Amino acid sequence: MHRFVLVFVFFASVHSQTDILGQLHICKRSDPKLNDCLKSSIKGALKILASGVPSLKIPSIDPIEVERWTIHASDVLPYEQYYENLNLTGYSDIEIEDVYTNVGDEYFSIHLMCSAPKLLVQGDYAYYLVRPTKGEDLSSQGTVEYKYDAHKFFVKFDGDIIKKGGVEYSEIIRTDFSMVRLRSFEMTFQTDHQRIGDKLGELVNGGTRKLATINMGEYEEMYAAAFQRIANAVFASNPSEKLLPK
Ligand SMILES: *[C@@H]1O[C@H](CO)[C@@H](O)[C@H](O)[C@H]1NC(C)=O
């Protein structure tokens, strides 16, 4: 009996996937408190869409999955840093602190100030030394994990209203992501020769301040690309008139 009920609930939830947008709190462009409305609407949407909606091609938001990303070597960290199969966890629990929107007939902008109590990133890494270094060569591969506490970030989506078969859709053309505050950033590496992994951790964590100014841009681009991919999947799932009616 128990098993039957579970199976039924499972099927019921799969079938209601396409109605998921009916669960979202929709805000009207004409709402004089549009930005406040969007604050709670977006927060709610992150929870409702957390595990993604395969039938609507909306990818998972918690975790956000990043197939691969490369951070280039710098003077402070002379390694090419390849990441694969990254899971970015914690995005269904973020706070939307502030929203700014500007929706025209042909373009739109949505700016979000967000804070995240706890974020965790896990995946595979490979670091390769590409510049001469005074220290030991710590080139290695394995798994990596890093955490952020009390993180604050600003995301700026700018896009166009486009027509598909006479129907208007919103499409983001450009996304800017900036780290506003980052506390207690710590990266750990697991590899076959753990002595190397530990030294890599010391190198990266020891120089966090310096790295923050040199390498952050490429991490910001990774987040911007991931956020744009997800937001565009949501926008492509329904006409603008449904998601943000006039
Ligand atoms: C990432 O998340 C997916 C789905 O939630 C899971 O199957 C996979 O094992 C995770 N990978 C890592 C590296 O944590």
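Author: In what follows, Ala, Val, Leu, Ile, Met, Phe, Trp, Tyr, Cys and Pro count as nonpolar, Asp, Glu, Lys and Arg as charged, and the others, Gly among them, as polar. The model is predicted.

Reader: Which residues are around the ligand, and how many of them are polar?

Author: The shell is made up of P63, N85, N87, Q122 and G123. Pro counts as nonpolar, while Gly is put with the polar residues. The shell therefore has 1 nonpolar residue and no charged ones, and its polar residues number 4.

Reader: How many bridges pair β2 with β4, and in which sense?

Author: T89 stands opposite L120 in β4. The two strands, β2 and β4, pair in the antiparallel sense, and the number of bridges is 9.

Reader: What is the bridge partner of V66 in β2?

Author: Strand β1 covers residues 64-71 and is joined to β2 by 7 bridges, the two running antiparallel. Within β2, the partner of V66 is L86.

Reader: In what order do the elements of the protein chain run?

Author: The protein chain has 6 helices and 6 strands. From the N terminus on, the order is α-α-α-β-β-β-β-β-β-α-α-α.

Reader: What share of the residues in the protein chain is buried?

Author: A residue is buried if 20 or more other C-beta atoms lie within 10 Å of its own. Of the 246 residues in the protein chain, the buried share is 24%.

Key: Residues are numbered from 1 along each chain as its sequence is written. This is a predicted model: local features need pLDDT of at least 70, side-chain atom pairs count only at pLDDT 80 or more; totals for chains, interfaces and linings use all residues. A residue is near a molecule or strand if its C-beta atom, placed from the backbone, lies within 6 Å of it. Helices (H or I, at least four residues) and strands (E, at least two) are DSSP runs, numbered from the N terminus. A residue is buried if 20 or more other C-beta atoms lie within 10 Å of its own, exposed if 12 or fewer, and partly exposed in between; C-beta atoms are placed from the backbone. Two strands pair if DSSP finds at least two bridges between them.
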